Amino acid sequence: METVTKLQKKDIRLIGKFVEVYCNGKHDADERNLFSLPSGLGERSLCPECAVFMQYAVTRRLKCPLEAEKPSCKHCRTHCYNKANLEKVKEIMAYSGMKLMLRGRLDYIWHYFF
């Protein structure tokens with residue numbers, strides 16, 4: 001089993017929250033199941049489509065080649081996601097970022113803009 005760093009845990013927790021907010025707002029609640037995040041980071045209630053994306057995002061984050069100098073993904077010089085999933089994560093971040101900021105999550109404002 002590979003060790004998950006503090007930064008990886010933070011990023012996985014963050015993308016998990018964003019995907020869950022997106023899924024709650026865009027997809028039917030009837031099909032949701034619990035998706036377990038790695039290293040005991042909790043669970044997220046996701047539809048099958050979002051669970052597939054979340055598994056992809058977690059895998060890509062854990063295999064990031066720039067771990068020592070990791071910038072935020074939108075400022076990264078090497079994108080880990082394929083083109084379709086890169087567009088999907090942009091859509092998820094835009095939708096969820098605004099929802100979380102409107103709910104008063106000021107800590108997400110920093111991530112959204114930087």
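Let me start with Y81: this residue is buried, at a relative accessible area of 17%. Buried here means under 20% relative accessible area, exposed means over 50%, and partly exposed is in between, with a 1.4 Å probe and protein chains only.

Before going on, this is a predicted model, in which local features need pLDDT of at least 70 and side-chain atom pairs count only at pLDDT 80 or more, while totals for chains, interfaces and linings use all residues. Residues are numbered from 1 along each chain as its sequence is written, and side-chain values use heavy atoms, with hydrogens and water left out.

Now the aromatics. A search of the whole structure gives three aromatic pairs. Rings of Phe, Tyr and Trp (its six-membered ring) pair if their centres lie within 6.5 Å; planes under 30 degrees apart are stacked, over 60 edge-to-face, the rest tilted. One of the pairs is Y22 with Y95, edge-to-face, at 5.7 Å centre to centre and 90° between the planes. Y22 sits in helix 1 and Y95 in helix 3, so this pair ties together parts 73 residues apart in sequence. Helices are DSSP runs of H or I, at least four residues, numbered from the N terminus. Y22 is buried at 3% relative accessibility, and Y95 is partly exposed at 21%.

Back to Y81. Its ring pairs edge-to-face with that of F53, 6.2 Å centre to centre and 80° between the planes. F53 is in helix 2 and Y81 in the loop between helix 2 and helix 3, 28 residues apart. F53 is buried too, at 5%. Ring pairs join F53, Y56 and Y81 into a cluster.

Next, the cysteines. C23 is buried at 0% relative accessible area, and C47 is buried at 5%.

Helix 1 covers residues 6-26. Its 21 residues should span 30 Å at 1.5 Å a residue, and the end C-alpha atoms are 30 Å apart, which agrees; the expected span is 1.5 Å times one less than the number of residues. Buried residues in helix 1 include Q8, D11 and I12.

Those three also touch R61, a residue of helix 2. Other contacts of R61 include E67 and K70, not counting residues up to four places away in sequence; contact means heavy atoms within 4.5 Å. R61 is buried, at 7%.

Last, S72 is partly exposed, at 22%.

Terms used:
Helix = DSSP H or I, 4+ residues; strand = E, 2+ residues; numbered from the N terminus.
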